[in-house]
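Reader: I would like to learn how to read a structure like this one. Could you walk me through a few features?

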Amino acid sequence: MSRIRLSRRKNRQKDPLARHRYWLAHAEAAARTSPHPSVKVGAVLVDRKEREITAAPNRFARGVDRRRKERTREGAKSLWINCAEQIAIAEALRKRADLKGAALYLTLEPCAVCAGLIGELRLKKVFVPAGALRRYAKLKPKWKTSIEIGLIKLAECGVSLISIDTPKQKRKKNK
């Protein structure tokens with residue numbers, strides 16, 4: 001067995017959550033590409049063999065003219081920008097990806113609409129960084145309420161929401 005394989009195995013033994021942290025970091029990278037001025041969310045959909053199906057930020061739907069100022073005006077943004085989960089799931093369906101046993105990695109807990117969609121698809125696991133909601137300080141109360149409802153929907157649909165400490169969070173705890 002090569003040294004590379006051995007070191008990967010040792011790393012997994014040291015940190016059993018490493019693969020989840022990897023996908024959450026990938027979701028964070030997707031979030032940074034979001035056109036939303038304040039709330040950037042990322043999603044990564046991973047198949048049962050731990051291969052990426054799709055990654056997406058919250059963004060305007062394809063074909064929507066994002067340059068029009070009225071579409072980024074306060075109070076209207078959320079009507080024009082689709083959630084990252086919706087975009088990732090739509091791309092997966094477009095690819096005709098097998099979603100049986102797939103997991104979804106998000107930078108923020110899903111809203112009520114997306115939680116319903118996740119339940120309808122029968123995804124069983126959603127991973128988020130621990131304390132994700134606290135990181136989105138600019139989130140409006142209506143979205144916090146939507147997320148609270150989304151968490152209830154996930155639970156009732158049998159979807160496990162799993163919070164993972166990320167490296168930054170681990171460092172803060174050690175200080």
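**Strands, a helix and some rings**

Author: Gladly, and please keep in mind that this is a predicted model. Let us begin with strands: β1 (residues 42-46) pairs with β2 in the antiparallel sense, over 5 bridges.

Reader: What holds strands of a sheet together, in general?

Author: Strands of a sheet pair through backbone hydrogen bonds, and the pairing is either parallel or antiparallel.

Reader: In what order do the strands of the open sheet lie?

Author: The order is β2-β1-β5-β6-β7, which makes an open sheet of 5 strands with mixed pairing. At the edges stand β2 (52-57) and β7 (160-164); each has a single partner strand, so one side of each lacks a neighbour in the sheet. On average, neighbouring strands of this sheet are turned by 20° against each other, direction ignored.

Reader: Now to the helix. How many residues does α2 have, and how far does it reach?

Author: Helix α2 covers residues 18-31, so to speak 14 residues, and spans 20 Å from its first C-alpha to its last. That is close to the 20 Å expected at 1.5 Å a residue.

Reader: Which residues of α2 are buried?

Author: The buried ones are H20, R21, W23, L24, A27, A30 and A31. Take W23 as an example: its relative accessibility is 7%, and buried means under 20%. Y22, by contrast, is exposed, with a relative accessible area of 51%.

Reader: How do I describe a pair of aromatic rings?

Author: You give the distance of the centres and the angle of the planes. This structure holds 3 aromatic pairs. In one of them, the rings of Y22 and W23 have centres 4.9 Å apart and planes at 80°, so the pair is edge-to-face.

Reader: What kind of pair do W23 and Y105 form?

Author: Theirs is a tilted pair, with 6.4 Å from centre to centre and 35° between the planes. W23 belongs to helix α2 and Y105 to strand β5 (residues 103-106), so this pair ties together parts that are 82 residues apart in sequence. Y105 is buried, at a relative accessible area of 4%.

Reader: Which residues form the aromatic cluster?

Author: One cluster is formed by Y22, W23, Y105 and F127.

Key:
Residues are numbered from 1 along each chain as its sequence is written. This is a predicted model: local features need pLDDT of at least 70, side-chain atom pairs count only at pLDDT 80 or more; totals for chains, interfaces and linings use all residues. Side-chain values use heavy atoms; hydrogens and water are left out. Helices (H or I, at least four residues) and strands (E, at least two) are DSSP runs, numbered from the N terminus. The expected span of a helix is 1.5 Å times one less than its number of residues. Buried means under 20% relative accessible area, exposed over 50%, partly exposed in between (1.4 Å probe, protein chains only). Rings of Phe, Tyr and Trp (its six-membered ring) pair if their centres lie within 6.5 Å; planes under 30 degrees apart count as stacked, over 60 as edge-to-face and the rest as tilted. Two strands pair if DSSP finds at least two bridges between them. Axes are lines fitted to C-alpha atoms, for helices over the stretch in contact, and angles run from 0 to 180 degrees between N-to-C directions.
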